[in-house]
Amino acid sequence: AKSFCKTRGMAALMWFAGVLLFGYSCCCYLPYRYLVGFEWPRLRQLLYFPLAGQLRWEHATQRALLLRRLGAEEVSLTTSDERAVHAVWAEPQGQNAGGGGGGNNGEGARPVVLLLHANAMVLDDMTDWAQYYLSLGCAVLVLTFWGYPDPAEEHAAYSERPDAPGSPDAREAGALLPGEAAYCPSELSLYLDAEAALSHIRTARGAPVERVLVHGLSIGGGAACALGVRHPGLRVTLDQTFASMHAVSAHVGKGLYEQVVLSKAPRWSRSFLRAIAPCAVWLAAWLVVALAFRPPSAAERHAPHCAVLDRLDNVGKAGRMRGDLFVFFAEQSMPRRRAVSPSSPRAHPRSSETRHDEMMPHHFAERLLAARYGRSQPELLQARSLCVPGGHCSFFGDVPELRARYKAYLNQSGFLP
C-alpha cells in the first residue's frame, strides 16, 4: 500500500510539473519566441536617433564651419558590406603640428584619435573633443555612424537605390542588414563602421594601431570596445559609456517606473508595486533589449570583419581587451534647500547634493575598469578614471584640471610623444 501511494504521488507530481511546463510554454516561451523572431524597426529607431532623413537645421552650414575651424577635409569610407560612411579628417596645424608624420614604425608616427559620437549627435557635435586632441598634436578622424544624418547624403535618394541594404538586390547578394529597418543603425553596422574608420587610419594614413586611440562617447563607446577586443594594441577611452544595454535599460526603466507607475497607482497598491519593482524593471529591460537586438543571422554571427555581436555588452568586451583603457563618468552637484528653522525667520543657506549621470551612473565606470584590470588595484582604477561635472555627454575639457590630468595620463601611457 505504501509503494502504491508513493507511485501515485510521484505520478501526480510529474503530472503537475508537466502542466506547469506546458503553461510556461504557452504563456511565456512561445510568445517570446514569436516576438523576437521579427524585426521591430520602431523600437530600434527609439534606440538610435536621430535617423537619416530627419534633417538638422542648417546642417550643411554647420559642416562648413567645422571644416574651416579644424582645417579638416571630408572623407568617405566604405564598410566591408559596401555601405558609405562619412567622416572628417583633421591634422594639427601651427605650433601643435609637431610629432611624426606617419610611417609604420610606431615610434615616429603621429598619434591619431578616432572619435565616435553619442546618440542624438553626429560628427559635427564632436568639435570640442576634436579641438582638444588637435591641441595635443594628434591627428583626428571624426566619424558619423551610418544611418545618422549627414549633409552629404539624402536618405530618400539612398533608400530608393536598387543596391541599398534591405532591397531585393542587396538581399540576393547576401547583405548583412536585411529587414524593414534597413537604414536604421544596428549593433553590426556600428561595429563595421568603426572597423572601416580604423582601417582608413592604418592604411590611408599610415598609422600603426599602437599609435591610435579610440574615444567613444556614450553609445560610441560600444563600438570603441569592439575595436579594443579585435585589435590588442589599441588604446580605448570610454566617455560616459554604459556597462551593457540591459544595465542602462534597467537604470532608465527604474526612473520611468517610479514616475509613470508608482506615482499614478492607487495608494493601497503602492507598497506591492514598490516591492515587485526590481523584478518588473529587470524583466521589462530584458524584453526590450531582446526585441531591439534580434538574434543574429548566420551571416551576422560569423561576420569576419568585426567583433562578435553581444547586444552591446561593454563589460564583457572590456574583460577581453588587452590595450589601455580610460573611463570618464559624469556627476553634477545640484542645489538643495534645507528646511527653515522655526527659531529663525531666515532659511539655512543652500547645500549641494551629488547626482550621478541621469543615463549612466558612476558604477558603470567602475564595472568597466574592474572588468579590464580587476579589483585588486584600486589606485590603478582611480588613476584611469575622471569625473566630469555636469549631465550626460558633458565635455571634460571645459574643466582645466581635467584637461591637464587627462593629458598627464596620455603622456604617462606613452601615447603622446
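This note goes through the predicted model point by point, from its overall make-up to individual residues.

1. Overall make-up. The model is a prediction, and the secondary structure of the protein comes to 16 helices and nine strands. Of the 417 residues in the protein, 47% are buried.

2. Helix H7. This helix covers residues 187–203, which gives 17 residues, and from its first C-alpha to its last it reaches 24 Å, close to the 24 Å expected at 1.5 Å a residue. Because 14 of the 17 residues of H7 are buried, the helix is largely enclosed by the rest of the structure. As a general point for reading helices of this kind, an α-helix has 3.6 residues a turn, so residues three or four places apart point the same way.

3. The largest nonpolar core. This core holds 63 residues, and within it Leu-116 and Leu-325 touch the most other members. Helix H7 supplies the largest share of this core, with eight residues. Apart from it lies another core, of 36 residues, which includes Leu-123, Leu-134, Val-142 and Phe-326.

4. Contacts of Leu-325. Leaving aside residues up to four places away in sequence, Leu-325 touches Val-236, Leu-238, Ala-318, Leu-368, Leu-369, Arg-372, Tyr-373, Arg-384 and Tyr-409. The list therefore includes Arg-372 and Arg-384 as well as residues such as Val-236 and Leu-238, with contact taken as heavy atoms within 4.5 Å.

5. The largest pocket. About 700 Å³ of space lies in this pocket. Its lining is made of 30 residues, of which Leu-47, Met-245, Val-248, Ser-249 and Val-252 are the closest to its centre. Helix H2 (41–47), helix H9 (245–262) and helix H11 (277–292) are the elements that give two or more residues to the lining, and H9 gives the most, with eight residues. By class, the lining of the largest pocket has 25 nonpolar residues and five polar ones, with no charged residues.

6. Val-288 and Met-245. Val-288 is found in helix H11, and it counts as partly exposed because its relative accessibility is 38%. Although Val-288 and Met-245 are 43 residues apart along the chain, their C-alpha atoms are separated by 9.8 Å. Met-245 is also among the residues closest to the centre of the largest pocket.

7. Asp-128 and Phe-396. Asp-128 belongs to helix H4, which runs over residues 127–135, and with a relative accessible area of 36% this residue is partly exposed. In sequence Asp-128 and Phe-396 are 268 residues apart, whereas in space they are 9.5 Å apart, C-alpha to C-alpha.

8. Phi of Arg-311 is near 60°, a positive value in a residue other than glycine. Arg-311 has its place in the loop between helix H12 (298–301) and helix H13 (314–318), and its relative accessible area of 28% makes it partly exposed. Cys-393, likewise not a glycine, has a positive phi of about 70°, and this residue is found in the loop between strand S9 (385–389) and helix H16 (400–412).

9. Arg-320. This residue is found in the loop between H13 and strand S7 (325–336), and at 41% relative accessibility Arg-320 counts as partly exposed. Not counting residues up to four places away in sequence, Arg-320 touches Val-229 and Asp-310. The C-alpha atoms of Arg-320 and Ala-226 are separated by 9.7 Å, while the two residues are 94 residues apart along the chain.

Technical notes
Residues are numbered from 1 along each chain as its sequence is written. This is a predicted model: local features need pLDDT of at least 70, side-chain atom pairs count only at pLDDT 80 or more; totals for chains, interfaces and linings use all residues. Side-chain values use heavy atoms; hydrogens and water are left out. Helices (H or I, at least four residues) and strands (E, at least two) are DSSP runs, numbered from the N terminus. The expected span of a helix is 1.5 Å times one less than its number of residues. Buried means under 20% relative accessible area, exposed over 50%, partly exposed in between (1.4 Å probe, protein chains only). A nonpolar core is a set of buried Ala, Val, Leu, Ile, Met, Phe, Trp, Tyr and Cys residues joined through side-chain atoms within 4.5 Å. On a 1 Å grid over the protein atoms alone, a cavity is a set of points where a 1.4 Å probe fits but cannot get out, and a pocket is an open set with protein on both sides within 12 Å along at least five of seven lines; lining residues have an atom within 4 Å of a point. Grid points are joined across faces, edges and corners, and a volume is the space filled by probe spheres set on the points. Ala, Val, Leu, Ile, Met, Phe, Trp, Tyr, Cys and Pro count as nonpolar, Asp, Glu, Lys and Arg as charged, and the others, Gly among them, as polar.
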